[in-house]
Amino acid sequence: MTAREPLSTPFTASSTADEVVRGVDLTGIRAIVTGGSSGIGIETARALTAAGAQVTRAVRNTAAGDAVAETIERSTGKIRPRVVRLDLADRTTVMPFVDAWSGPLHLLINNAGVVTGDPERTREGWEWQFATNHLGHLALAIGLHDALVLGASERDGARIVSVSSTAHMRASIDFDDLHFERRSYDPQIAYAQSKTANSLFAVEAIRLWASDGIVADAVNPGGVATGLQRNFTAQQKQSLDAAEAAGVFTCKTVQQGAATSLVAAVAPEFAHSGGPYLDDAQKACTVTNDADLAQHPHGVKEWALDPAIAKRLWAVWTDMLRV
């Protein structure tokens, strides 16, 4: 695979969400942010709202979502974000959400993510991290495709942003055992696989939907302390501490963590350049699959951008729907 050169933007690792949207008018833009009740999801939704977007926050806990929506309304003086229940690990909530959506959609921010220390499964028997972080977002995007097409025709393009992670460098996709039915469960590898899948989703989405005016990108927000770490095992916490000590990442604020999502969502540099993986508000350089994480903390591995793997992974969803 040919290495991809970085695409320069005016923003850096220290840029904040407010800096990215400063001077950007999103009036009339309709956006969905999944998992917008904690962490960078809140900040992403707040920044979009502050810039004038009509934001719908898709969350599992609507009571918490309503409290955040009130805070966003007060702090921005803009239209209060809508709050709609969505559990990405539960197919019975995804389709009602899709069916209830009416009109165009201009921005889909696939922000929600989970981490688990123990093996957990959906009712179908799917590994919980993979089901939530990837499969649920894939089903949501496919279900909202027509709305995105309508949004693209209105605004010279619609965008999908999927939040990945440096963790993708730990594992590719194990098509022989996606759900850890035969191998020993390793929560870090399970999470890594789901984050690789987030990047591959963007690769295949742009191949399938570019002609519809839909751009898809994956982003690494960087190291941000959020509720995502609440289920970490002692081993996971030790691994995270070791990675920080090795310089793999430097902790960011929530405002800085949301910035790269906002760059992918609104920056003109990415209006028609779907498929890349962004890190620290820039297009990341591709590194080989054997690259060491500590030496290439801001790269993206080849397996996360491989079009053949991306195409195969998308097809897996069709097979799983037969379950």
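A residue counts as buried when its relative accessible area is under 20%, as exposed when it is over 50%, and as partly exposed in between. Keep that in mind as you look around this protein, which is a predicted model. It has ten helices and ten strands, and 57% of its 323 residues count as buried. If you look at contacts between residues at least 6 apart in sequence, 76% of them join residues at least 24 apart.

**Helix 2**

- Let's start with a quick check on helix 2, which covers residues 39–50: at 1.5 Å a residue, its twelve residues should span 16 Å, and the end C-alpha atoms sit 17 Å apart, so the two values agree.
- This helix is mostly covered, with ten of its twelve residues buried.
- The buried residues are G39, I40, G41, E43, T44, A45, R46, A47, L48 and T49.
- Two of those buried residues, E43 and R46, turn up again in a network of salt bridges that also links D18.
- Just after helix 2 you'll find G52, which takes a positive phi of about 105°.

**Salt bridges**

- The structure holds ten salt bridges, and here are some to look at.
- E73 and R80 pair up through their side chains, with an N to O distance of 3.8 Å.
- How does E73 count, and why? Its relative accessibility is 30%, so E73 counts as partly exposed.
- R183 forms a salt bridge with D174, where the closest N and O atoms are 3.5 Å apart.
- R183 also forms a salt bridge with D177, and here the closest N and O atoms are 3.6 Å apart.
- R183 has a relative accessible area of 25%, so it is partly exposed.
- D174 is at 26% relative accessibility, so D174 also counts as partly exposed.
- D177 is at 5% relative accessibility, so D177 counts as buried.

**A buried lysine**

- Now hop over to K301, which you can find in strand 10 (residues 300–301).
- K301 is buried, yet it has no salt bridge.
- Which side chain of opposite charge is nearest to K301? That would be D290, 6.9 Å away.

**Empty space inside**

- Rolling a probe the size of a water molecule over the atoms shows where empty space is left.
- How many cavities of 30 Å³ or more does the count come to? The count is two.
- The largest cavity holds about 60 Å³ of space.
- Its lining is made up of L88, A89, R91, V94, W126, A131, L135, G136, A139 and W317.
- Helix 4 (91–100) and helix 5 (128–143) each supply at least two residues of that lining.
- Which helix gives the largest share of the lining? Helix 5 does, with four residues.

Conventions:
Residues are numbered from 1 along each chain as its sequence is written. This is a predicted model: local features need pLDDT of at least 70, side-chain atom pairs count only at pLDDT 80 or more; totals for chains, interfaces and linings use all residues. Side-chain values use heavy atoms; hydrogens and water are left out. The expected span of a helix is 1.5 Å times one less than its number of residues. Buried means under 20% relative accessible area, exposed over 50%, partly exposed in between (1.4 Å probe, protein chains only). Lys and Arg count as positive and Asp and Glu as negative; His and the chain ends are not counted. A salt bridge is a side-chain nitrogen of Lys or Arg within 4 Å of a carboxyl oxygen of Asp or Glu. On a 1 Å grid over the protein atoms alone, a cavity is a set of points where a 1.4 Å probe fits but cannot get out, and a pocket is an open set with protein on both sides within 12 Å along at least five of seven lines; lining residues have an atom within 4 Å of a point. Grid points are joined across faces, edges and corners, and a volume is the space filled by probe spheres set on the points. Contact means heavy atoms within 4.5 Å.
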